Amino acid sequence: MHSILITGASGLIGSRLTNMLHSHGHRVAHLGRAKRDGIARSFVWDIDRRYIERGALQDTDTIIHLAGAGIADKPWTKERKREILESRTQSTQLLYDELKKGNHSVKTIISATAVGYYGFKDEETIYKEDDPPGEDFLAQVTRRWEQEVDAFLKLNIRVVRIRIGIVLSAEGGVVNEILRPIRWYAGAPLGSGNQYLSWIHLDDLCNIFIMAVENNAMEGAYNAVAPHPATNRELTMAIANAVHKPIIFPAIPSFILKLLLGEMADLVLRGSKVSSEKIQEAGFKFAYTNVDDALVNLLQKNERVRADNITKE
């Protein structure tokens, strides 16, 4: 059994990961901006004030670091870009400074990062963990984030960096954003529709984190993506097929998305193929390697529950 402290646990990944870690017999605590009820102990931190509640790290052997402002939650103003970067780097620095004081039992830090590390240089290249970072905003944010995480090596703490692809879940994220217009028969691919998206089912992602907790041989960066990337068009069609809705409209032109989203349009108009070879060689077995199977698993039960609720109303 491991005693694990999760930062940013209130989000999509942290909530599911908490339950799965608990089912594996691990003890879990949360570190966030406010106290939360649930199966995990809850502690508070304030990154701006450089404060971590006393006892948060007591008896903790593993930190899973998920904290960071949402990439697509708000327009990318100069202030928002700063927040996206500093919410990651400063929270990591705070954890480092606290552990540097000594008198703790932390042996491992497992940090979320992103496949955005590689940028959008070439959609034909299949990116691996030893490839260099890109030059765009998200690539540089991820590079800076990983640099801060690697500082823990100086404290003789094992470091694992999980570079996460597009997470598929029925509880939120990209699936819900694509599904919303599909339900109203207004779904459509974005841009050319041919841009590749390196995706992963939420449960597979959580199991990669659990593997990193339990396998001390894992160190450094690992891509958390399914073995078979999907194009934007394939993902859109798979979501529509899973809920038995047609796609009627043609793809939404790139220039419209750029007008609406500005620089953020890169999130949906550009893509990359990312390799899962390293995590598979480490022994990980994906439950969902095909995007159609993943979305059927996520959405069909969810849609039945939704239909039942509508009928009851």
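**Strands and salt bridges**

Modeller: Let me begin with the pairing of β6 and strand β8 (residues 158-164), which run parallel and are joined over 7 bridges; keep in mind that this is a predicted model.

Colleague: Which residue of β8 is the bridge partner of Ile110?
Modeller: The bridge partner of Ile110 in β8 is Val160.

Colleague: And is strand β6 enclosed or open?
Modeller: Strand β6, residues 108-114, is largely enclosed by the rest of the structure, because 6 of its 7 residues are buried.

Colleague: What joins β5 to β6, and how do they run?
Modeller: Strand β5 (residues 62-65) is joined to β6 by 4 bridges, and the two run parallel. Between them the chain passes through helix α2 (residues 78-100), and this β-α-β crossover is right-handed.

Colleague: Switching topic, how many salt bridges are there in the whole structure?
Modeller: A search finds 13, and one of the pairs is Glu146 with Arg161, whose closest N and O atoms are 2.4 Å apart. Glu146 lies in helix α3 (residues 137-150) and Arg161 in strand β8, so this pair ties together parts that are 15 residues apart in sequence.

Colleague: What about the surface, which residues make the nonpolar patch?
Modeller: Phe255, Ile256, Leu259, Leu260 and Leu261 make a nonpolar surface patch of about 530 Å². Phe255 lies in helix α7 (residues 254-261) and is exposed, with a relative accessible area of 55%.

Note on methods. Residues numbered from 1 in each chain as written. Predicted model: local features only at pLDDT ≥ 70, side-chain atom pairs only at ≥ 80, totals over all residues. Heavy atoms only, no water. Patch = residues over 30% accessible without salt bridge, like charges linked within 9 Å, V, L, I, M, F, W, Y side chains within 5 Å. Areas by Shrake-Rupley, 256 points an atom, 1.4 Å probe, with all protein chains shown as cover. Salt bridge = Lys/Arg side-chain N within 4 Å of Asp/Glu carboxyl O. Buried < 20%, exposed > 50% of the residue type's maximum accessible area, 1.4 Å probe, protein only. Pairing = 2+ DSSP bridges. Right-handed = clockwise from strand over helix to strand, strands pointing away.
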